[in-house]
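Reader: I am new to protein models, and I would like to learn how to read one feature at a time. Could you take me through an example?

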Amino acid sequence: MEQTINKYADMVYRILFYHLGNKADSDDAFQDVFIKLYKCNKEFESDEHLKAYLIKMTANIANDYHSKNFWRNKIELQDVYQAVSDCDDDNYEVMDAILHLPNKYKNVIYMYYFEEYKANEIAGILNIPVNTVYSLLKRGKEKLKGVLDESL
């Protein structure tokens with residue numbers, strides 16, 4: 001379990017922070033993800049299977065936090081910078097723009113560009129058709145471009 005946490009902690013935390021937008025809720029949800037993983041006693045076929053399971057479970061837990069009114073409408077940009085310390089200066093603006101996208105776009109954009117999953121793999125993880133993934137990627141990129149153009 002310790003090995004799994006060390007390997008996937010950054011990924012899980014980034015997903016949570018993209019969804020929840022603040023450190024406190026992300027910290028709580030982070031614990032929930034790994035407690036749930038520990039309790040599941042599931043055998044995984046490979047590291048990729050475990051990673052996919054973690055991504056889906058993390059997104060589901062983040063959505064649970066939204067439905068329980070844990071979502072805060074204010075996102076401090078300073079918190080974003082601190083939470084994702086592995087990001088260089090050129091990526092701060094892009095990360096901020098991603099944070100302002102609706103969740104359905106955040107998920108596929110994150111998985112495609114940051115975790116380098118292919119569209120068919122994302123479709124399998126999220127249980128949606130491959131064409132839906134392509135549509136979400138296209139619309140998400142358009143929305144992202146719009147947000148970035150506004151900031152220039």
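This is a predicted model: local features need pLDDT of at least 70, side-chain atom pairs count only at pLDDT 80 or more; totals for chains, interfaces and linings use all residues.

Reader: Thanks! How many helices and strands are there in the chain?

Author: Helices (H or I, at least four residues) and strands (E, at least two) are DSSP runs, numbered from the N terminus. Here the chain has eight helices and zero strands, giving the pattern α-α-α-α-α-α-α-α along the sequence.

Reader: What share of the residues counts as buried?

Author: Relative accessible area decides this: buried is under 20%, exposed is over 50%, and partly exposed is in between (1.4 Å probe, protein chains only). In this chain of 152 residues, 40% count as buried.

Reader: Next, salt bridges. How many does the rule count?

Author: The rule asks for a side-chain nitrogen of Lys or Arg within 4 Å of a carboxyl oxygen of Asp or Glu. That count comes to two salt bridges. One of them joins the side chains of K7 and D47, at 2.8 Å from N to O. K7 belongs to helix α1 (residues 2-20) and D47 to helix α3, so this pair ties together parts that are 40 residues apart in sequence. K7 is exposed at 52% relative accessible area, while D47 is partly exposed at 45%.

Reader: And which residue forms a salt bridge with K23?

Author: The partner of K23 is D27, and their closest N and O atoms are 3.1 Å apart. Both residues sit in helix α2 (residues 23-40), four residues apart, which is about one turn of the helix. K23 counts as partly exposed, with 45% relative accessibility, and D27 counts as partly exposed too, with 28%.

Reader: Now for the empty spaces. How should I think about them?

Author: Rolling a probe the size of a water molecule over the atoms shows where empty space is left. On a 1 Å grid over the protein atoms alone, a cavity is a set of points where a 1.4 Å probe fits but cannot get out, and a pocket is an open set with protein on both sides within 12 Å along at least five of seven lines; lining residues have an atom within 4 Å of a point. Grid points are joined across faces, edges and corners, and a volume is the space filled by probe spheres set on the points.

Reader: Which residues line the largest pocket?

Author: Its lining is made of E48, H49, A52, Y53, K56, Y117, E121 and I125. The elements giving two or more residues to this lining are α3 (47-67) and α7 (119-126), and α3 provides the largest share, five residues. The volume of the largest pocket is about 150 Å³.

Reader: How do the lining residues of that pocket divide by class?

Author: Ala, Val, Leu, Ile, Met, Phe, Trp, Tyr, Cys and Pro count as nonpolar, Asp, Glu, Lys and Arg as charged, and the others, Gly among them, as polar. The lining of the largest pocket has four nonpolar, one polar and three charged residues.

Reader: What about cavities: which residues line the largest one?

Author: The structure holds one cavity of 30 Å³ or more. About 50 Å³ of space lies in the largest cavity, lined by I15, I55, A59, N107, Y110, M111 and L126. The largest share of this lining, three residues, comes from α6. By class, the lining has six nonpolar, one polar and no charged residues.

Reader: Last one: where does N41 lie?

Author: Most residues other than glycine have a negative phi, and most peptide bonds are trans. N41, in the loop between α2 and α3, has a positive phi near 50°. N127, in the loop between α7 and α8, has a positive phi of about 55°.

Note on methods: Residues are numbered from 1 along each chain as its sequence is written. Side-chain values use heavy atoms; hydrogens and water are left out.
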